[in-house]
Amino acid sequence: MSGEDAPAQQQNAEEQKQQQQQQEETKTPAESPKTESKPDPPPTSASTEAAADTPAPAAEKAPEEDTFSYRALVLTGYGGYDKVKLQVKKGKPALKSGEVMVRVKMCVLNFADLMARQGLYDRLPSPPVTPGMECSGIIEAVAEDVTDRKVGDKVLVLNRSGMWQDVVVVATTHTFLMPEGMSFEEAAALSVNYITAYLMLFDFGHLRPNQSVLIHMAAGGVGIAATQLCKTVNDVTVFGTASASKHEVISQGGVTHPIDYRTRDYVEEIRKISPKGLDIVLDPLGGSDTHKGYNLLKPMGKLISYGAANMLAGQKKNLFAVAKTWYQQFSVHTLSLIQGNRSVCGFHMGYLDSETELIAQAMAAVMDLYRQGKIKPRIDSTYHLEQVGDAMRRMQERSNIGKIILTTEPMKEEEKKEEAKKDEEKKKDDKKKDDRKKEEKKKDDAKKEEKKEEKKDDAKKEEKEEVKKDDKKAEEKKEEAKKEEN
């Protein structure tokens with residue numbers, strides 16, 4: 001019997017006992033409108049059909065679904081940090097076949113999220129949308145056909161988007177059981193960076209003993225993951241670019257030769273140490289750095305391009321447009337590419353979301369290395385969802401060493417007050433800075449006006465001087481004319 005049949009049968013039963021007025025009362029519950037924030041009901045199952053035969057239990061279930069709420073960070077439009085807002089969503093998410101619901105403990109900020117905020121990341125749906133590609137948490141519900149996961153399982157989750165919220169619903173194939181002893185912070189920080197580094201170094205790069213690797217942004221998430229993975233192979237020389245303040249940390253992590261890209265030409269520094277060049281270059285920068293990296297390769301060397309961080313500091317172009325231009329430039333020099341015996345690869349984690357078997361294999365290898373103690377995510381800092389703007393600012397300014405975590409634990413009232421004070425102080429500081437800038441601008445404008453006036457005065461003086469000169473010449477001519485007459 002379907003859920004739609006229940007009200008009709010109940011109505012027929014009541015007709016035999018009561019008058020038209022009571023018939024109308026039995027119709028009212030079936031005809032009441034749904035709450036707007038409530039999602040579509042889950043697929044009908046044996047349990048929901050049984051509930052439909054008895055209206056009372058169904059009425060008890062509805063308030064639970066209606067009152068279920070969770071917080072989510074939502075990208076409301078492209079632009080600055082203020083475009084990501086914390087919102088409350090109502091209605092319990094429905095589970096489809098093969099899905100689980102996870103109560104999120106920790107989620108992670110990736111560089112792609114910064115690009116997405118500025119409209120530079122193609123794999124994120126258009127706003128309004130919840131960003132975030134990875135998180136960790138505890139399974140809270142499973143679809144009826146799910147047998148390989150159960151309520152209470154601790155998992156890390158990998159998905160194209162939608163992870164920056166209290167609750168997520170994903171396919172079981174996008175979840176991975178956490179190893180014993182792994183923290184939620186480590187689990188959230190593991191998947192994207194380590195799978196990216198693993199596939200680039202071992203699938204594309206075929207990293208072997210006694211080879212050399214250049215890792216740009218060596219203090220970032222992928223940089224640290226790649227450095228740790230290089231250490232699992234004997235005698236690999238790692239060149240890592242990072243600001244000088246981060247050199248001690250990345251050296252301890254396994255970078256053989258740290259290079260300050262802000263004050264040194266990394267190409268020259270590498271050539272001094274390794275005149276023949278490098279075996280592998282991991283390039284998250286794009287632009288001119290890609291060409292520099294290619295020229296650093298030895299014969300049979302490989303450049304693996306996996307990002308365009310330079311886009312955030314320079315012109316904002318579509319990632320595909322940049323790649324197209326780049327490959328067109330290389331195609332012009334196809335002969336030199338062939339004669340150089342070097343290869344160029346492209347990697348984009350966002351376009352592997354359908355390759356579940358490949359991702360699962362890489363994740364299994366990464367998990368095994370974690371269990372052996374050979375790799376361990378480095379956590380830079382943890383922010384509340386309410387502080388996402390500060391978290392993004394830290395990454396965009398490249399201040400982090402390791403992963404930046406977002407915790408779903410709500411801020412305590414004291415923390416909120418402290419945060420409000422900081423915001424107020426920051427606003428005051430910003431206002432002072434703005435006032436200073438305005439004052440400086442006024443002074444500059446006044447100086448410019450003074451210079452303009454001075455120029456006008458000078459021009460008038462020059463004009464008077466010219467008139468005097470002309471008058472003098474005229475007088476001289478008159479004098480000469482008189483002399484000639486005499």
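## Overview

A residue counts as buried when its relative accessible area is under 20%, as exposed when that area is over 50%, and as partly exposed in between (1.4 Å probe, protein chains only). What you have here is a predicted model, in which local features need pLDDT of at least 70, side-chain atom pairs count only at pLDDT 80 or more, and totals for chains, interfaces and linings use all residues. Residues are numbered from 1 along each chain as its sequence is written, and side-chain values use heavy atoms, with hydrogens and water left out.

The protein contains 16 helices and 15 strands; helices (H or I, at least four residues) and strands (E, at least two) are DSSP runs, numbered from the N terminus. A contact means heavy atoms within 4.5 Å. Among contacts with a separation of 6 or more, 68% join residues 24 or more positions apart.

Confidence is given as pLDDT, the predictor's score for each residue from 0 to 100. The mean for the protein is 82, and 79% of the residues reach 70 or more. Among the elements, β8 has the highest mean pLDDT (98), while helix α3 (residues 46-53) has the lowest (38).

Two stretches call for care. Over residues 1-59 the pLDDT is below 50, and this stretch has 36 contacts in the model beyond near neighbours in sequence. Residues 315-319 also have pLDDT below 50, with 13 such contacts. Where pLDDT is low, the predicted coordinates should not be read in detail.

## The open sheet

Six strands build an open, parallel sheet in the order β10-β9-β8-β11-β12-β13; two strands pair if DSSP finds at least two bridges between them. β10 (257-259) and β13 (343-346) are at the edges with a single partner strand each, so one side of each has no neighbour in the sheet. From one strand to the next, the twist averages 15°.

Four bridges join β12 (residues 297-305) to β13 in the parallel sense, and Leu-303 stands opposite Val-344 in β13. Helix α6 (residues 184-204) packs on this sheet, touching β8 (212-215), β11 (278-283), β12 and β13, and its direction makes about 150° with that of β12. Axes are lines fitted to C-alpha atoms, for helices over the stretch in contact, and angles run from 0 to 180 degrees between N-to-C directions. Helix α10 (residues 288-295) lies across β11, β12 and β13, at about 155° to β12.

## Helices together

α6 also packs with helix α14 (residues 356-371), at an angle of about 110° and with the axes 9 Å apart. That makes α6 roughly perpendicular to α14, a label for angles of 65 to 115 degrees. Residues that meet here include Leu-190, Tyr-194 and Tyr-198 in α6, and Leu-358, Ala-362 and Val-366 in α14.

Helix α7 (residues 221-230) has 10 of its 10 residues buried, so it is largely enclosed by the rest of the structure.

Most residues other than glycine have a negative phi, and most peptide bonds are trans. The bond from Pro-127 to Pro-128 is cis, with omega near 0°; Pro-128 lies in the loop between α5 (111-117) and β4 (134-142).

Asp-235, in the loop between α7 and β9 (237-241), has a positive phi of about 55° and is exposed, with a relative accessible area of 59%. Arg-398 has a phi near 60° and sits in the loop between α15 (388-396) and β15 (403-407). Arg-398 is partly exposed, at 24% relative accessible area.

Key. Angles under 35 degrees count as roughly parallel, over 145 as roughly antiparallel, 65 to 115 as roughly perpendicular and the rest as oblique.
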